[in-house]
Amino acid sequence: MVKPPDDPRTLHYLNERIIPRNQDCHSDKTAFSVVGKTYPKPDAYEKVTGKARYTADLKRPRCLVGKLLRSTHAHARLVRVDVSKALQIPGVFACVSGSDFGELIGIIPWTKDEPVLAKDVVRYIGEPIAAVAATSESVAQQALACIDVHYEPFTAHFSPEQAMVPDAVLIHSQAPGNASKSVDWEFGEVDSAFARSQVEVSGNFHFEATTHAALETHAVLAEMGADGRLCVWSSTQTPYYLHRELATVLGMPAHQIRVIRPHIGGGFGGKSEPFGHEICAAYLAKQTGRPVKFVFSREETFLTHRGRHAMDMDLRIGYLPDEGLVMDYQALLDGGAYSSYGMITTYYAGTLNAGLYRVPHYRWKSQRVFTNKPPAGPKRGHGTVQPRFAIECLVDQLCEKLGRDPIAFRRELALGPNTETVNGLRIGSSGFVTCLEKSADQSGWYQKFRKMPFGHGIGIAGSWYLSGTNYPINPESNPQSNVQIKADRSGLITLFCGAADIGQGSDAMLRHLLAEELGVDPNRCKVESQDSDICPVDLGSYSSRVTLMAGNAAISAARHLKNQILQVIAQDWHSSTKQLMIADDRVFHLDRPEQSMSFVTALNRAESVLGALGSTGSYNSPNRGGLYRGALVGPSPAYSFTVHIAELEVDLNSGQIKMKRIVAAHDCGRAIHPQLVEGQIEGSVYMGMGEALLERYETAKGLISQPNLLEYKMPTILDVGTIESIIVESPDPDGPYGAKEAGEGPLHAAIPAIANAIYDAIGLRLYQTPFEPGQILKALESGHCYKPGLPRELS
Amino acid sequence: MSYCQPTQLSDLLSCLAHPNARILAGGTDLIPHLQMGLVEDPLLVSLKGLPELKRIEAKPEAIHIGPAVTLQTLIDHKPLREIYPVIGQTLSQIGALQHRQVGTIGGNLCLDTRCSWFNQSAFWRESLGFCLKKGGDICQVAPKSKRCHAVLSCDGAIALAACQARLVLLSRAGKREVSLMEFYRPNGMDHIDLRPGEFIYKILLPHAPPGFQATYFKGRARQSFDFPLLGLAIATQWDGAQRTLSFVLGGVESCLLQVQMQNLDSFLTPEQVQSAIKSCQRLARPMENAFYGPSWRKKMIASFIAQGLQQMNLIQEDAP
């Protein structure tokens with residue numbers, strides 16, 4: 001007999017692979033056995049040994065190579081697309097063009113405006129016009145060269161300003177003025193609030209477009225089975241939306257389609273909608289009866305884009321000592337040629353501005369405009385990164401004007417837990433103030449701010465982000481996340497869920513929650529999430545929704561399974577389920593220490609009584625949010641909070657920035673798997689730093705100037721300094737064990753924190769990303785730079 | 001595309017006589033060019049079968065470096081590091097470690113000139129317009145110009161020129177020797193002086209002259225994995241009792257640029273420093289065809305010269 005411990009809940013697994021956790025970030029950690037501990041990700045060994053197979057690695061017998069012919073014109077009428085010559089080339093099995101597809105595609109049901117392949121009009125350089133399936137890459141290339149395309153060029157618009165000129169040529173006939181989406185709201189009384197504000201600041205900011213640059217480029221493989229079922233393997237963040245779109249466009253019953261998401265080499269928002277090449281692969285596989293595979297080059301992935309919108313922002317903020325801030329904000333978004341997620345981006349460009357701080361008066365106008373460039377879309381921190389840059393820079397200016405310390409000022413302004421913004425966003429838990437305090441302590445803020453020599457600077461910024469949206473993209477009443485669990489008599493517990501692990505580690509997170517809730521060793525738990533035939537629907541990995549939504553569904557399913565098992569054992573032990581618990585892989589009787597049973601024995605006993613053991617769980621978010629039009633974008637079950645403190649040196653000879661360190665404190669509610677949370681914080685900080693200092697999706701005549709990883713300058717390890725992550729936990733009642741998001745929120749603050757640190761270093765305010773050495777050097781040479789806080793003659 | 005791997009020098013020279021012959025050594029420049037359709041239907045001539053081209057030998061008159069010596073080998077070469085620390089300092093700033101381990105010094109010297117309008121896929125160039133260097137009839141950077149403005153981007157050449165390296169060029173027609181400065185020409189389309197069938201057989205580094213010291217500065221956006229937006233080597237030596245100073249610039253023209261100052265004292269006067277900066281800036285013609293624009297690159301010339309002269313103790317501390 002195994003002797004039970006005094007309190008089985010204090011058990012820790014004696015697993016040598018457990019990496020000890022060195023950060024004390026939740027006060028009640030003995031309450032958990034698995035949550036809060038770091039185990040290797042389930043796919044870690046596969047990935048580090050090179051065994052993991054990504055879509056491009058997949059091989060099917062008789063597979064054809066798919067290739068796209070892309071437009072070389074930014075805006076033109078397609079007079080003719082003749083594929084007949086291409087079809088005559090030996091080895092070419094099929095060639096399709098826009099006329100083969102009737103339906104338009106698009107992730108947002110109300111703005112489906114993108115053809116699978118361009119029909120009648122091309123709207124950006126790189127837009128797919130035709131697709132071939134051939135026996136080899138060279139034959140496919142040869143076929144593309146034989147497709148006869150006749151263009152009749154139109155005036156192309158490369159900036160929103162050009163596109164908005166009265167009588168400008170329309171990019172979409174149904175979009176007058178080339179307007180993609182407009183939002184115009186006012187909450188509170190903005191004008192009178194400004195009139196009585198103590199201090200006000202304003203600025204015109206420009207955020208440059210950037211792209212995701214995930215390590216894995218887009219890839220898709222499609223095959224028709226002998227049974228008439230279609231199988232599509234794709235590098236996608238949203239397999240369920242792809243499934244739906246395939247059914248709609250191909251006119252196939254959804255149950256005849258199987259979508260498999262292999263390992264994914266990163267998404268960051270760039271793979272979160274169905275794409276034309278995915279539809280083409282399926283269509284060509286159907287037509288040829290052979291598997292068809294498309295693997296994009298890096299350049300093609302750059303052309304597919306959907307990256308961060310370039311945004312021009314006019315922002316004015318006033319400070320009202322007793323109330324908080326008043327904000328007047330306008331944003332102009334360069335949308336590119338199609339809607340993509342743009343309608344949502346336009347809302348996100350404003351809706352989260354009214355939070356983090358108390359903003360009782362807020363006026364906001366944002367407009368997304370079509371241009372003849374690759375479509376912009378969602379990138380990590382979707383639509384909210386750009387305005388947060390502007391806001392945090394101006395809050396820094398407010399502090400300067402008021403003579404307030406930026407930390408104390410933010411603490412005073414912070415919108416605390418259990419509050420609501422003026423536009424109806426309900427905040428549950430908030431660890432923002434803790435983030436401020438911890439990051440200040442760790443960075444030595446009070447010893448450094450305004451105290452370092454000229455050229456050395458430290459800056460702070462805060463941000464917040466949502467953990468999934470209350471209202472999903474497709475208005476349907478089905479749950480947003482579903483989980484099924486199968487308990488096998490071998491002791492293996494398998495959790496099935498369509499949540500897409502895109503490298504962020506959602507499989508590890510689900511396994512952790514399953515093991516925690518069941519009280520078992522995570523190593524006997526397995527997560528299956530790749531295959532739509534066996535995994536119930538989860539909407540996908542976007543909007544930082546998976547931990548909260550799939551996590552809650554997993555806990556709910558695990559709880560059902562546990563109850564089934566405990567009911568059988570309780571009956572055997574003439575006890576109630578309330579007196580039993582499972583911990584450390586054993587079932588214990590809380591009042592009879594001598595009575596226990598291994599989990600596997602209990603499982604077998606339960607199966608012998610109940611038959612096959614399994615359970616399901618679902619999650620649907622609460623209906624919260626304002627009642628005005630557009631109020632459905634922004635409300636989330638829970639919000640994360642972040643503070644970044646950046647320390648850097650401005651090279652006075654070159655104007656270049658040497659990053660020394662970023663201390664990033666992130667409130668994720670509860671760190672289910674701390675190492676993965678840290679990974680998300682570090683990755684977000686890195687990405688934000690790249691956008692602050694180097695990255696620009698710059699286009700010349702509508703085509704990206706640097707479609708490769710040499711010239712699209714992402715920082716190298718030598719450029720980032722050190723990144724220190726601090727996990728802050730403020731468990732949210734809506735999160736699984738209190739967990740909130742960690743994948744996007746830790747990005748925003750990096751950019752304004754760096755801008756504010758540059759100000760601290762040389763007294764220069766920057767309004768445009770990336771912060772290029774040319775503009776900094778010019779300012780240094782002009783003699784206007786100084787050390788803030790010191791009299792100018794001393795600095 | 002075809003491939004050959006000669007094992008005799010004479011076979012190599014025969015292969016190189018082929019009009020489309022392209023030497024394949026590390027491939028860090030040539031392979032991307034092939035992928036982008038910038039080099040078509042080449043005869044790839046591998047140097048793998050010729051170990052003699054991978055040797056470094058100290059001879060009485062000069063150090064002989066084979067063209068197929070990898071950059072990392074040169075960086076790690078202890079005697080060379082002692083005589084010419086500037087070479088290791090420079091080469092270790094090329095690409096990333098992976099590039100330096102396969103990339104060769106001959107390959108670096110023959111690196112094709114670079115331009116944001118040229119180093120692009122065929123699709124890209126077709127969409128925005130072909131350029132003079134490949135398939136077009138105008139220079140997209142300077143449409144009124146009659147020549148190509150693609151940029152010399154090999155850090156190695158800048159440092160070696162400052163060390164007064166010479167090249168031995170060999171073909172079936174014979175052997176000839178040129179200085180590195182003469183090897184490059186101000187035409188981005190045809191920037192190296194290699195005659196048909198000719199290749200760099202050896203790099204000759206003279207033994208360091210008295211009082212020689214040199215340093216290298218690289219302007220770039222990132223600390224690794226970037227071509228120079230500006231490369232500047234400064235070298236000095238004693239010529240009897242007088243100091244000679246040489247500034248070699250790359251990354252701002254299709255060829256190397258050099259400014260020399262002679263008959264100097266131990267320290268430079270502020271006027272002499274300004275004159276050096278002005279001369280270098282006057283020569284440099286950076287264009288809008290690299291990641292940072294001409295203005296920053298030109299300003300960095302002044303900054304690098306000031307920093308370099310300071311580092312080399314050529315400016316008196318108490319000078320006004």
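Colleague: Let's start in chain B. How many bridges join β1(B) to strand β3 of chain B, and do they run parallel or antiparallel?

Modeller: Keep in mind that this is a predicted model. There are 3 bridges between β1(B) and β3, which covers residues 43-46 of chain B, and the two strands run parallel.

Colleague: Which residue in β3(B) is the bridge partner of B:Tyr3?

Modeller: That's B:Leu44.

Colleague: And what order do the strands take in that sheet?

Modeller: The order is β1-β3-β2 in chain B, an open sheet of 3 strands with parallel pairing. The edges are β1 (2-4) and β2 (21-24) of chain B, each pairing on one side only. From one strand to the next, the twist averages 30°.

Colleague: Which helix lies across those strands?

Modeller: Helix α1 of chain B, residues 9-16, lies across β1, β2 and β3 of chain B. Relative to β3(B), helix α1 runs at about 160°.

Colleague: OK, over to chain A. What's the strand order in the sheet of 5 strands?

Modeller: In chain A, the order is β9-β17-β16-β15-β10, again written for an open sheet, and the pairing is mixed. β9 (179-187) and β10 (199-207) of chain A are the edge strands, so to speak: each pairs on one side only.

Colleague: By how much are neighbouring strands turned against each other there?

Modeller: By 5° on average, with direction ignored.

Colleague: In what sense do β10(A) and β15 pair, parallel or antiparallel?

Modeller: Antiparallel, over 9 bridges, with β15 of chain A spanning residues 310-320.

Colleague: What lies across β10, β15 and β16 of chain A?

Modeller: Helix α10 of chain A, residues 385-402. Helix α10 runs at about 150° to β10(A).

Colleague: Now the contact between the chains. How much area do chain B and chain A bury between them?

Modeller: About 2500 Å², with 60% of it on carbon and sulfur atoms. B:Phe123, B:Arg222 and B:Phe291 supply 28% of the area that chain B buries against chain A, more than any other three residues.

Colleague: How many residues does each chain put into the contact?

Modeller: Chain B puts in 23 residues and chain A 36 residues.

Colleague: What about salt bridges and polar contacts between the two?

Modeller: Between chain B and chain A the count is 2 salt bridges. For polar contact, the count is 12 residue pairs, both residues at pLDDT 80 or more. On the chain B side, α8 (122-128) and α12 (294-311) each supply at least two residues that touch chain A. By class, that side of chain B has 10 nonpolar, 7 polar and 6 charged residues.

Colleague: Which residue of chain B forms a salt bridge with A:Lys713?

Modeller: B:Asp226, and the closest N and O atoms are 2.6 Å apart.

Colleague: Last topic, the backbone. Which residues does a cis peptide bond join?

Modeller: A:Thr769 and A:Pro770, with omega at about -15°. A:Pro770 is in the loop between α19 (750-762) and α20 (773-782) of chain A.

Colleague: And what's the phi of A:Asp584?

Modeller: Positive, about 50°, although A:Asp584 is not a glycine. A:Asp584 is in the loop between β24 (580-583) and β25 (586-589) of chain A.

Colleague: Why flag those two spots?

Modeller: Because most residues other than glycine have a negative phi, and most peptide bonds are trans.

Methods. Residues are numbered from 1 along each chain as its sequence is written. Chains are lettered from A and ligands numbered from 1 in the order in which they are written. This is a predicted model: local features need pLDDT of at least 70, side-chain atom pairs count only at pLDDT 80 or more; totals for chains, interfaces and linings use all residues. Side-chain values use heavy atoms; hydrogens and water are left out. Helices (H or I, at least four residues) and strands (E, at least two) are DSSP runs, numbered from the N terminus. Axes are lines fitted to C-alpha atoms, for helices over the stretch in contact, and angles run from 0 to 180 degrees between N-to-C directions. Contact means heavy atoms within 4.5 Å. Buried area is the accessible area (1.4 Å probe) that two parts lose on being put together, summed over both. A salt bridge is a side-chain nitrogen of Lys or Arg within 4 Å of a carboxyl oxygen of Asp or Glu. A polar contact is a pair of N or O atoms within 3.5 Å; within protein, one must be able to donate a hydrogen and the other to accept it, and residues adjacent in sequence count only if both atoms are side-chain atoms. Ala, Val, Leu, Ile, Met, Phe, Trp, Tyr, Cys and Pro count as nonpolar, Asp, Glu, Lys and Arg as charged, and the others, Gly among them, as polar.
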